[in-house]
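I opened a notebook for this one and jotted down what I looked up, in the order I got to it.

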Amino acid sequence: MDYNRIKISLDQAEKILLDLYRIEGTVSPLPGYVDFNFKIKTKKEERFVLKISRPNENKKYLDYQQKLLQYIHQSDEKIMAPKVLFDQNDEAISEIIDDYGNKRYVRMLTWVSGRVWSAVNPQLANFRQSLGEQCGILTKILENFDHPEAHYYFEWDIAQGLWTKKHLHLFDEQKKEVLSYFQDLFEASQVSYKKLRKSVVHNDPNDNNIIVSLDLYNPKAIAAIDYGDAMYTQTINDLAILCAYGAFGHENPLSALLDLVKGYHSKFKLEEKELVHLYHAIAMRLIIIVTRAAMSKIEEPDNPYLWISEKPAWKVLNQWFLISADFAHYSFRDACGFSAHPDENTFKKWVASKSFKLSELFPRINKDVVHPLDLSVSSKWMGHEKEFNNLDYFQYKIDQVQKNEPDKLIAGGYLEPRSIYTTNTYDRIGNNGTERRSIHLGIDYWLPAETAVHAILDGEVVLAVNDAGNKEYGGLVILKHQIDGWLFYTLYGHLSVASATKNKRGQQLKKGDKIGVLGNTTENGNWAPHLHFQIVLSLLDYEVDFPGVAYFSEITVWKSICPDPNVLFKSDSLSPKQYADPEALKNYRQQHLGKSLRLQYKTPIEMVRGSGVFLVDSVGRKYLDTVNNVAHVGHENYEVVKAGQEQMALINTNTRYLHKNINNLAKELLETLPPELNVFHFVNSGSEANELAVRMAKTVTGEKDMIVSEAGYHGNTNTCVAISSYKFDGKGGQGAPEYTHVFPLPDKFRGKYRGNETTEEYVEEVQKQLKNITRKGRNVAGFIIEPIISCGGQIVLPEGFLKKSYQAVRNSGGLCISDEIQTGCGRMGKTFWGFQLHDVIPDIVTIGKPLGNGHPVAAVVCTQEVAKQFANGMEFFNTFGGNPVSCAIGAEVIRTVKREQLQKNALEIGNYLKKELLALAIQFPIIGDVRGEGLFIGIELVDKNLNPLANHADYIANRMKDHGILMSTDGPDHNVLKIKPPMVFSIQNAKELLGYLKKILGEDFMKNFKN
Ligand SMILES: Cc1ncc(COP(=O)(O)O)c(C=O)c1O
């Protein structure tokens, strides 16, 4: 039918409204697949939906629709749905004749306010679960509803979806392959599918038919609208349809769908036999979408609403095609609280009555007792990653363990989170950034190459391959064991390729037969020789290999598919890896550690390992660290670790003995400093350094008064807090002490004076404080400031400010201290020290955080003059400061910065980041300012009136963490995101940071500000 002849114009809709309902209001069009729908807004702000049928619509069908809505409203369940409105004649369905003489039916429903599901960004787990819950409630309400009109032929009914087979010719070969794969699967499962329970279901809970609350932080599905497709069919189809749309826009659709399934099952209990069909049913709905779209493009080319979902549906179909049907099925079961693998309990029961011996697996070794070996991410035995990647050394360590435990088999690893899998074959991009397979699914037995492995029970060879290309196993054999009516597999990885491939598929092995021998290092994926032994209840779709390591996010499914192999041998000393409970760690800490300690992030992380720009948590998840300027040359930099370890093994004592390390550290630092600054006092922390610096200034000048910047932070000791406006002007603070004089934060973006011409005004403020001091009849002792004020929000000082302020302070007899605790050691990129950006030479410089790369070492450097006057007879003794271990570490850090040209890297990557962030600021006006030098950057979030947006900054930091990227916020108003990563931060790291930042800046919550 010609679309233009059936279309209803806005004027027509307005007239119908008035004629039938006596309602006046503004009318706007709404999308509709069959009906012509309009949104009505009355003067009293009431809102309705006016629905006008196509010609020849079946009135009985519309009656069914209205009855269904009325039924929902009678239910005890709390659920929102449109309400039926009656016309002037008290009819739920009215009739009109259109301009072409066709009878058209009209209905009015109340408007359900909110926004549609497709407009929600991001669609996180809680929200997805609420979608499932909403649909589950609806299914439950409708379970006992019926109507003769609910039983009909409908193209959109999944149960009837095989009609799509006739239209395969509309697609190219690649698409045909995908479509027929699912159609064939669905067809093959018809016998049991047809037997599933049936009921009237909504049948179209798509992403434009679910209404969502307006809460941008924690949105919830609140109602389903448009019941036009409701029908009697397999009950599971409603969930399948919800899932088909719920998969849109996710990198990992299966993972996203599990929340839907969980939510749905919590409100409407699914049966195990229904879950068998969910994977196919989801695919069938997607197939109906794409087939209908391809047909509509030909039939009604003017109505693009008809293929609105085609593109995302194809994306999901292609993704779904790559997901194993069995794995999806097990995951759905797991989400509903069933054992993920249906045979898991059968296996457990069977194995409980059996007893196998390790000496049957390795008869020539003939040992049955195990010595457990921990290779997990937090294992101290594993040591530094450079060491565990050194095969000879790793083997040596294994040999030592074996020497100490000659009668035992060295083994372990089931469910261990490991950090040893470093090639990118272990990575994938998930719904929340990069995910890495880290959970080991088998047990490793560490034995020499050539050790023979024998079958512990009869089995058929189903796989015997050289898997060395995948670097997961080398020689791999899988045996199938048929038990009464069910089966399981045993997997033998890291065999020699020759012995593994000698087995032939289909070959029967008897208990005691030799399977193969262990491979050597070169043929088993560059591992020290060992057997990877794993139980497998389902091979999924794997034909040439099978994973031995899984993603932590899927651990509950994998541990059901691959139960603990130790249940066969029942070794007392081998138990599956237990994970530390973060809540328990947190509770203990809250009870017994300082009450004012703070934890980062809404859900804190337990970090157990560092590696360059990454931190690794206790389950092996890697986080890109963009905030830690302490791990200056990279977390656990090997040379630095070694320098500390080696020195610690020799001697660690105080500065009252001669030792070359302290001189060496001084020499390394001297090379980077102006010649005037050449005397060092080594201490243990930034606070201690500033404490000493202030003491020096007071001793040298004989005065007590300090001039400091608003929002400056200089440490946690008494004196340091007394000069830190960030603390005494912040929460719990009591304002500036008598001898501290604060000048306003020299912030040209949002400070007291704004713009590029503010130098004089801010210098004037410093002078004001100098005058204040003289007015009190005293003189200034010192002036302390960071070259870029970090806690103040990465405030870049106005040009010339520092030079002129130094002059003013010196003219009054004070000393100038540059706090380089954050900015020092090359981070600024252009210069090695922050003060050098400003063309000044301080009297005292304090150095902290980066100097030890995590080890507590700090320094105060000053001129000979200051040092001489400070040495007034009182000894400066510091028990730990300047000890040989700390100095070895500090010297190695500075050497590494020089050797690896990290200052240059800071300049290049910092400039790249700033350029790209400025481009983002154009796209996202919430970014008010991007500033900083080198790898010390601030991004300030404000509204159009420059009001700070702390919640938005906090939101970004937490969402970035969800994506495996660590960021922090700072500034007196907590609205500045800081970027100050380890200096080994690469261009790839910068791109990853920017990519996710852009994604998150586009999320709903970020748009909620005055612009
Ligand atoms: C600029 C500045 N000065 C001093 C300190 C104090 O250093 P520490 O925590 O090592 O005592 C810090 C620490 O955050 C700092 O950022």
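**Entry 1**

I started with D929 and found it standing opposite E940 in β38. This is a predicted model, so I treat every value here as computed. The two strands, β37 and β38 (residues 936-941), run antiparallel and are joined by 6 bridges.

I then looked up the sheet around them. It is an open sheet of 4 strands, with antiparallel pairing and the order β37-β38-β41-β40. Its edge strands are β37 (927-933) and β40 (968-970), and each of these pairs on one side only. From one strand to the next, the twist averages 30 degrees.

**Entry 1: the mixed sheet**

Next I went to an open sheet of 8 strands. I wrote down its order as β12-β13-β16-β23-β20-β19-β18-β21, and its pairing is mixed. Which strands stand at the edges? They are β12 (370-372) and β21 (508-509); each has a single partner strand, so one side of each is left without a neighbour in the sheet. A reminder to myself: strands of a sheet pair through backbone hydrogen bonds, either parallel or antiparallel.

Inside that order I picked out β19 (residues 475-483) and β20 (residues 486-495), which run antiparallel with 8 bridges between them. Then I asked which strands helix α13 (residues 344-352) lies across. I got β19, β20 and β23 (531-536), with the helix running at about 80 degrees to β20.

**Entry 2: a hairpin**

I looked at β14 (residues 427-430) and β15 (residues 433-440) as well. They run antiparallel, with 4 bridges joining them, and the hairpin from β14 to β15 goes through 2 residues. In this pair I found D427 opposite R436 in β15.

**Entry 3: cavities**

How many cavities of 30 Å³ or more does a search of the whole structure find? I got 2.

- The largest cavity holds about 80 Å³ of space. Its lining has 14 residues, and those nearest its centre are Y421, E472, H494, H532 and V549. I sorted the lining of this largest cavity into 5 nonpolar, 5 polar and 4 charged residues.
- The second largest cavity holds about 30 Å³. It is lined by T653, N654, T655, Y657, H659, I662, G882 and P884. Here the lining of the second largest cavity splits into 3 nonpolar, 5 polar and no charged residues.

I found a cis peptide bond between N121 and P122, with omega at about 5 degrees. P122 sits in the loop between β7 (115-116) and α4 (125-142).

I then noted two positive phi values. Y601 is not a glycine, yet its phi is about 75 degrees. It lies in the loop between α20 (582-592) and β25 (607-611). Is Y601 buried or exposed? Y601 counts as buried, because its relative accessibility is 15% and the cut-off for buried is under 20%.

D839 is not a glycine either, and its phi is about 55 degrees. I placed D839 in the loop between β34 (815-819) and β35 (844-847). D839 is exposed, with a relative accessible area of 55%.

**Entry 4: S571**

I looked up S571 and found it in the loop between α19 (566-569) and α20. At 9% relative accessibility, S571 counts as buried. What is S571 in contact with, leaving aside its neighbours within four places in sequence? My list reads L358, V370 and N566.

**Entry 5: the chain overall**

I left the totals for the end. I counted 32 helices and 41 strands in the chain. Of its 1011 residues, 57% are buried. Along the principal axes, the C-alpha atoms fill a box of roughly 105 × 85 × 50 Å. I also checked the contacts between residues at least 6 apart in sequence: 73% of them join residues at least 24 apart.

Technical notes: Residues are numbered from 1 along each chain as its sequence is written. This is a predicted model: local features need pLDDT of at least 70, side-chain atom pairs count only at pLDDT 80 or more; totals for chains, interfaces and linings use all residues. Side-chain values use heavy atoms; hydrogens and water are left out. On a 1 Å grid over the protein atoms alone, a cavity is a set of points where a 1.4 Å probe fits but cannot get out, and a pocket is an open set with protein on both sides within 12 Å along at least five of seven lines; lining residues have an atom within 4 Å of a point. Grid points are joined across faces, edges and corners, and a volume is the space filled by probe spheres set on the points. Ala, Val, Leu, Ile, Met, Phe, Trp, Tyr, Cys and Pro count as nonpolar, Asp, Glu, Lys and Arg as charged, and the others, Gly among them, as polar. Two strands pair if DSSP finds at least two bridges between them. Contact means heavy atoms within 4.5 Å. Axes are lines fitted to C-alpha atoms, for helices over the stretch in contact, and angles run from 0 to 180 degrees between N-to-C directions. Buried means under 20% relative accessible area, exposed over 50%, partly exposed in between (1.4 Å probe, protein chains only).
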